[in-house]
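Trainee: I have a structure open and would like to go through it with you. Can we start with the helices and then move on?
Mentor: Fine, show it.

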Amino acid sequence: MSNISESLNKAAAVLLSAEIDDPRREATSLLCFALGKDRTFLIAHPEYELDRDEADLFDSVVKRRANREPFHHITGVKEFYGLDFIVSPDVLIPRPETEMLVAKSINILSLIDKPVFCEIGVGSGCIAISILRHVLPATAVGLDISEAAVAIASRNATNHDVQERLRLVNSDIFGGLKHQSFDLIVSNPPYIPVEDIASLQPEVKDFEPHLALTDGAGGLSVIEKIIIESPRFLKSGCPLVMEIGIGQAGAVRAMFDPDLWRSVEIVPDFQAIPRMVCAVLG
């Protein structure tokens, strides 16, 4: 059997050969997962000998990661907005930039008495659930075309004790929803052009659901449908908050009919990339 120090060195070499970024950090995170220990334990006990079960599990997860399987698919959990969410190949792994949508939505809904909002493309539920945990009077409807995603979102809603305030519906955009008026509509839609999928990292193109990544065309068709259909479900004076892709800001802004929408704000992310649109219905 190998100790922690030897195991980390071996794993880091395997991950380096697989072209994993920062292989030492990844190896350390995988060993923490395999041992059920934190990084402090690994640093303090480099001589700790892995038993057979621990060594086998560590070897297994290192091989999976070397095959470019996402780290968070291996662990089954991803932290987002201070909460842990179950993730799987059926849903997108939450990204840090998407926290912008949550922060904006919380600011808006906190000013409303008993707000009701809708999320289109609920996925893991990370957006809607994070909002609900911070705006306690709020209730929500989460829509997703994927039944498997709805099932994951349901598990996460239960884990975070918001299941009574989040109604989940298997729906293609608003297709499965009867008329209802919302104080906010929020969405992280599939916006990557299909022609760009092949150039993405293997972790994304080979393991994450393409249905949640791309519209199968130029990346703007789902965004346009949401913009066109949202006025039927938004209360007057209320916003649509949506994540958009690189280089899409101009095209997206042009989709908003000035006779219907009274303001359209494009907000950059932490890398100064136009990432979020917030439009208020007139």
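Mentor: Helices (H or I, at least four residues) and strands (E, at least two) are DSSP runs, numbered from the N terminus. This is a predicted model, where local features need pLDDT of at least 70, side-chain atom pairs count only at pLDDT 80 or more, and totals for chains, interfaces and linings use all residues. Residues are numbered from 1 along each chain as its sequence is written, and side-chain values use heavy atoms, with hydrogens and water left out.

Trainee: OK. At what angle do α1 and α2 pack?
Mentor: About 125 degrees, with the axes of α1 (residues 4-17) and α2 (residues 23-35) 8 Å apart. Axes here are lines fitted to C-alpha atoms, for helices over the stretch in contact, and angles run from 0 to 180 degrees between N-to-C directions. That makes α1 oblique to α2. Angles under 35 degrees count as roughly parallel, over 145 as roughly antiparallel, 65 to 115 as roughly perpendicular and the rest as oblique.

Trainee: And is that crossing left-handed or right-handed?
Mentor: α1 and α2 cross in a right-handed way.

Trainee: Which residues make the contact?
Mentor: On α1, they include Ile4, Leu8 and Leu15, and on α2, Pro23, Ala27 and Leu31 are among them. Contact means heavy atoms within 4.5 Å. By class, there are eleven nonpolar, two polar and two charged residues in the contact of α1 with α2. Ala, Val, Leu, Ile, Met, Phe, Trp, Tyr, Cys and Pro count as nonpolar, Asp, Glu, Lys and Arg as charged, and the others, Gly among them, as polar.

Trainee: How does α1 pack with α4, at what angle?
Mentor: About 20 degrees, and the axes of α1 and α4 (residues 52-66) are 9 Å apart. That makes α1 roughly parallel to α4. This crossing is right-handed. Ser7, Ala11, Val14 and Leu15 of α1 meet Phe58, Val62, Arg65 and Ala66 of α4.

Trainee: Ser7, then. Buried or exposed?
Mentor: Ser7 counts as buried, because its relative accessibility is 8%. Buried means under 20% relative accessible area, exposed over 50%, partly exposed in between (1.4 Å probe, protein chains only). Leaving aside neighbours within four places in sequence, Ser7 is in contact with Ser2, Leu50 and Phe58.

Trainee: New topic: which residues touch the most other members in the largest nonpolar core?
Mentor: Phe174, Ile185, Ile227 and Leu240, out of 34 residues. A nonpolar core is a set of buried Ala, Val, Leu, Ile, Met, Phe, Trp, Tyr and Cys residues joined through side-chain atoms within 4.5 Å. α11 gives the most to this core, with four residues.

Trainee: What does Ile227 touch?
Mentor: Beyond its neighbours within four places in sequence, Ile227 is in contact with Leu240, Met242, Val252, Met255, Phe256 and Trp261. There is also a second, separate core of 30 residues, which includes Leu101, Ile106, Val122 and Val162.

Trainee: Last one. What is the phi of Tyr81?
Mentor: Positive, about 50 degrees, although Tyr81 is not a glycine. Most residues other than glycine have a negative phi. Tyr81 lies in the loop between β1 (77-80) and β2 (83-86), and is partly exposed at 23% relative accessible area. Asp161 also has a positive phi, near 60 degrees, and is exposed, with a relative accessible area of 60%.

Terms used: Left-handed = near helix turned anticlockwise from the far one by under 90°.
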